[in-house]
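Here are a few exercises to work through with the model open in your viewer. Try each task before you read its solution.

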Amino acid sequence: MIAKQDFLKLQNGSDIRGIACEGIEGEHVNLTSEAVYAIGRAFAKWILARKQIRPEECIIGVGMDSRITGPKLMVPLINGMMDEGIYVSNCGMASTPSMFMSIVYPETRYDAACMITASHLPFNRNGLKFFERSGGLEKADITEILNLASEIAGESGPADAERPVDVNSNRYTELELIDLYAANLCLQISEAMDPEAFDEEPLKGLKITIDAGNGAGGFFAEKVLSELGADVSGSCFLEPDGTFPNHVPNPEDPAAMQAICKATLESGADLGLIFDTDVDRMSAVLSDGPPLNRDAIIAMISAILAPEHKGATIVTDSVTSERLTDFLENRLGLKHLCYMRGYKNVINKCKELNNAGIDCPLAMETSGHGCIKDNYYLDDGAYLAVLLVITVAKAKKRGGTIGRLVKDFDTSCSAREVRFPIRREDFSDYGKTVLEAFEKRAKQSGFDVPHSYEGVRIRFSGIFTGWLLLRASLHDPVMVMNLEGKDDRDLEIITGIAASLLEGFEGLDLSML
């Protein structure tokens, strides 16, 4: 029997994640078939109670990305759900955003959905992400489901988890959901290009390079872009392969961005696009090679939305730069709310502002997670890619490029991130103590310390320019510092200031600074 604390260890914020197979030394499986079976049953019970419906009235869609453990985990997950008497639709290889849309589409209208994914984590990891009609589940919901799963685990055994799915049951169906999802993306592009005269190949003459990193995003090249006439011949790593043999499918990874930049330039593409494993994140590359990731992708999406949202607020995570604030507020006439890390945090803040009557069309992290208000507040990499593709196609018809939209965004900087291990058992309390003292020292030194929703931020201007942010990890005994200067000299000065402000904290390992 799996202990309650072992179930709770699988929680990762508003997701479930764990080690699903052996293969990395010192990391042993904790996301077992038995655990997934109990979680499947628990989620079915949870959604039935949430919606106040009977099992025979409920259908849940289940999909997976390209991870090697996806098919193995799909079996106990479906069995657990079906053992609660509900209907299950096996959606096969899918994307995280498409699984949410399965709740929305009139052709499906599932009561809930589950995606088997661990985003960009190593091949031995996997996890579960759940959706209901209002969006992804909250942290408290996941805790409730895991507590319920721990109770269920005492009633079941290995035989329940490991038996084959009864594919002949009238409560089991299969659907290639990604085809329906792709068709809807195609429709959005076609309508945006020429809503009056429907064109079967509205992207003809456009060359776009896709790097799916061997995740689930290859469909975007084949079922969307190519379907609409675009040339995708320079694309790479489209085939799903959960060993990720070429690079980590992660728009934040330098090797991944280098690969898509290289492929875009070599193929002479008008645009390059890169997705993470489950396609809820994306970044891009302009035709002449500059990458659009981190601050730059937020700047570009904001510039696309700005004409229809004058004076609106853009929500970002805490590690966006002062350069982005300057671009959003002084170039685009928008407002920048630099909030907290965590895609659920920025999405919920976006919802909160709109509910209060404040126009907030976009919430986006530097990681590439980005939600559009008009797209169900869904962090959908493919939807953001559609916005870019439409903008590029329209610009090319006018004889221009989209680079003009961000030509005033200052990309010159020198940056680094440093992680300080906390060598204390009470790491959470110690981290708070460090932040309080760090802020006090910064203010006493006369530095500009603006209000921050997360950690302590310091802005520098004048003889040297840049910023730094010190924050504490929510779950790990680590403090993280992001530093950025206008150039290497400014970064060196800011690093020196950071070191002086951190002097005397013996519980921090400052050796990496």
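**Exercise 1: a tyrosine in a loop**

Tyrosine 377 is buried, with a relative accessible area of 18%. The model is a predicted one, so keep that in mind throughout.

Task: which loop holds tyrosine 377, and what is its phi?

Solution. Step one, find the loop: tyrosine 377 sits between strand S16 (370–372) and strand S17 (378–379). Step two, read the backbone: its phi is positive, about 55°, although tyrosine 377 is not a glycine. Most residues other than glycine have a negative phi. Step three, check the burial call: buried means under 20% relative accessible area, and tyrosine 377 comes in at 18%, so it counts as buried.

**Exercise 2: a glutamine to set beside it**

Task: is glutamine 52 buried or exposed?

Solution. Start with the place: glutamine 52 is in the loop between helix H2 (33–51) and strand S3 (59–64). Its phi is near 55°, again a positive value in a residue other than glycine. Now the surface: the relative accessible area of glutamine 52 is 67%, which makes it exposed, whereas tyrosine 377 is buried.

**Exercise 3: the sheet that ends in S17**

Task: in what order do the five strands of this open sheet run, and which helices pack on it?

Solution. First, the order is S14-S13-S15-S16-S17, with mixed pairing. The edges are strand S14 (335–338) and S17, each of which pairs on one side only. Next, look inside the sheet: strand S13 (residues 313–316) and strand S15 (residues 362–364) run parallel and are joined by three bridges. There, isoleucine 314 stands opposite leucine 362 in S15. Helix H10 (residues 295–305) touches S13, S15 and S16, and its direction makes about 175° with that of S15. Helix H12 (residues 343–355) touches S13, S14, S15, S16 and S17, and its direction makes about 160° with that of S13.

**Exercise 4: two helices side by side**

Task: how do helix H7 (residues 177–193) and H13 pack?

Solution. Two packed helices are described by the angle between their axes and the distance between the axes. Here the angle is about 30° and the axes are 10 Å apart. Angles under 35 degrees count as roughly parallel, so H7 is roughly parallel to H13. For the handedness, H7 passes H13 in a right-handed crossing. Then list the contacts: residues of H7 including Tyr181, Leu185 and Ile189 meet residues of H13, among them Ala382, Val386 and Val389.

**Exercise 5: into the core**

Solution. Begin with the core itself, which has 80 residues; Phe219, Phe220, Leu273, Ile301, Leu388 and Val389 have the most contacts inside it. Helix H13 (residues 381–397) gives the most, with twelve residues. Zoom in on phenylalanine 220: among the residues it touches are Leu185, Leu273, Ala382 and Val389. Another core, of 42 residues, lies apart from the largest one and includes Ala38, Leu73, Val88 and Tyr172.

**Exercise 6: a serine to finish**

Task: where is serine 95, and what does it touch?

Solution. Serine 95 is in the loop between strand S4 (87–93) and helix H4 (96–104). It has a relative accessible area of 0%, so it is buried. Leaving out residues up to four places away in sequence, serine 95 touches Met115, Ile178, Tyr181, Asp278 and Val279.

Methods:
Residues numbered from 1 in each chain as written. Predicted model: local features only at pLDDT ≥ 70, side-chain atom pairs only at ≥ 80, totals over all residues. Heavy atoms only, no water. Helix = DSSP H or I, 4+ residues; strand = E, 2+ residues; numbered from the N terminus. Buried < 20%, exposed > 50% of the residue type's maximum accessible area, 1.4 Å probe, protein only. Contact = heavy atoms within 4.5 Å. Core = buried A, V, L, I, M, F, W, Y, C linked by side-chain atoms within 4.5 Å. Axes fitted to C-alpha atoms, helices over the stretch in contact; angles between N-to-C directions. Parallel < 35°, antiparallel > 145°, perpendicular 65-115°, else oblique. Left-handed = near helix turned anticlockwise from the far one by under 90°. Pairing = 2+ DSSP bridges.
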